[in-house]
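Here are my notes for your first look at this model. Keep the structure open and check each point as you read.

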Amino acid sequence: MSKLVLITGGTRGIGAAIAQRLAHDGYRVAATYHGDDAAARSFQAGNGIPVYKWDVADFDACQAGVGRIEAELGQAVDILVNNAGVTRDATLHKMTPEQWRTVLDDDLGSCFNMSHAVIDGMRARGWGRIVNVSSVNGQKGQYGQANYAAAKAGMIGLTKSLALESARKGITVNAVAPGYTATEMVAKIEPKILEGIVAQIPVGRLARVEEIAHAVAFLVHEDSGFITGATLSINGGQYLT
Ligand code: CAA
């Protein structure tokens, strides 16, 4: 039986590309989403990948959602990709407590909630893969992103700790740290600011979503069982500048 992959925020942007790539590679795939019903419907219709709606910042909703997927698909989640995330960019002196909390809960809290919902099953079966989608901005910091950089850096600490706790159970836990990627999220940055950012990327362009999906496919592969606690940077050299 094909392994079951669950991707949070898997109907748009990087998450959708990961879902499509892993389906293409022969995995059984399910995706969660929260906001955009129309995008999720069209993703499901176009790819045949089932989609499930809940708020991954909500612990109980994650437990219930994973239970529902496993019951409906008749199979446990073998591979979890924590991809869902939001931005609320503002310099810290202008940032509201709500902007801080939303990003910490949606981007980092969701990784705890979702990992908690699948980890017991993975431990019992002696096999699992978890990939957390962090960011170059969690590695290097970014003007206007104290909340997002803190959440994305937190994901790297969570990755390393859960990797240690899971290593003897056949479960690997890794992070990918994408740089600026051609998605709706990046398209929201003011053009002048984005131009300045792209000028700092040695490769001279944004990443393509497929390039991030490629790294996730590598990490979840059976042959990647000795890679755990790692953060794979995919940033066109931006971290070096
Ligand atoms: N370094 C130093 N100074 C900077 C700066 C920088 N990178 N960027 C702006 N400034 C300066 C400006 O020149 C300006 O100076 P003056 O007042 O002297 O003119 C001052 O800071 C105020 O800047 P803004 O006018 O930009 O401040 P703002 O409050 O209007 O906007 C902001 C702040 C919304 C955060 C805006 O700076 C911004 O959009 N920045 C980009 C944030 C970003 O990269 N987000 C990534 C989103 S995509 C993503 O997160 C995916 C991923 O993982 C990569």
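1. Start with Leu206 and its contacts. Leaving aside residues up to four places away in sequence, Leu206 touches Tyr180, Thr181, Ala182, Val186, Leu194 and Val198. Bear in mind that this is a predicted model. Leu206 sits in the loop between α8 and α9 (209–220).

2. Is Leu206 buried, exposed or in between? Its relative accessibility is 23%. Buried would require under 20%, and exposed would require over 50%. Leu206 therefore counts as partly exposed.

3. Now follow the chain onward from Leu206. Asp223 lies 17 residues apart from Leu206 along the chain. The C-alpha atoms of Leu206 and Asp223 are separated by 29 Å.

4. For Tyr148 the distance is 2.7 Å. For Gln142 the distance is 2.9 Å.

5. How much of the ligand does the protein bury? Taken alone, the ligand exposes 1,100 Å². The protein buries 55% of that area. Two elements give two or more residues to the shell around the ligand: α7 (184–187) and α8 (191–199).

6. Next, the make-up of that shell. There are 16 residues around the ligand. Asp89, Lys94, Ser135, Tyr143 and Tyr180 come nearest. By type, the shell divides into eight nonpolar, six polar and two charged residues.

7. Move to Asn83, in the loop between β4 (79–82) and α4 (97–125). Is Asn83 buried or exposed? Its relative accessible area is 12%. The cut-off for buried is under 20%, so Asn83 is buried.

8. What surrounds Asn83? Not counting residues up to four places away in sequence, Asn83 touches Ile7, Thr8, Gly9, Ile14, Gly15, Ile18 and Val133.

9. Val133, one of the contacts of Asn83, belongs to strand β5 (residues 128–133). Six of the six residues of β5 are buried. In a regular strand the side chains alternate between the two faces of the sheet. In β5, Gly128, Ile130 and Asn132 are on one side. Arg129, Val131 and Val133 are on the other. Both faces are covered.

10. Look at how β5 is paired. β4 and β5 run parallel and are joined by four bridges. Ile79 stands opposite Arg129 in β5. β5 also pairs with β6 in the parallel sense, over six bridges. There, Ile171 in β6 is the bridge partner of Gly128.

11. Strand β6 (residues 171–178) is mostly covered too: eight of its eight residues are buried. Ile171, Val173, Ala175 and Ala177 lie on one side. Thr172, Asn174, Val176 and Pro178 lie on the other. Both faces of β6 are covered.

12. Finish with β7 (residues 231–234). Four bridges join β6 to β7, and the two strands run parallel. Find Pro178, then trace across to Ile234 in β7, its bridge partner.

How values were computed: Residues numbered from 1 in each chain as written. Predicted model: local features only at pLDDT ≥ 70, side-chain atom pairs only at ≥ 80, totals over all residues. Heavy atoms only, no water. Near = heavy atom within 4 Å. Polar contact = N/O pair within 3.5 Å; in protein donor to acceptor, adjacent residues only side chain to side chain. Areas by Shrake-Rupley, 256 points an atom, 1.4 Å probe, with all protein chains shown as cover. Nonpolar A, V, L, I, M, F, W, Y, C, P; charged D, E, K, R; others polar. Buried < 20%, exposed > 50% of the residue type's maximum accessible area, 1.4 Å probe, protein only. Contact = heavy atoms within 4.5 Å. Pairing = 2+ DSSP bridges.
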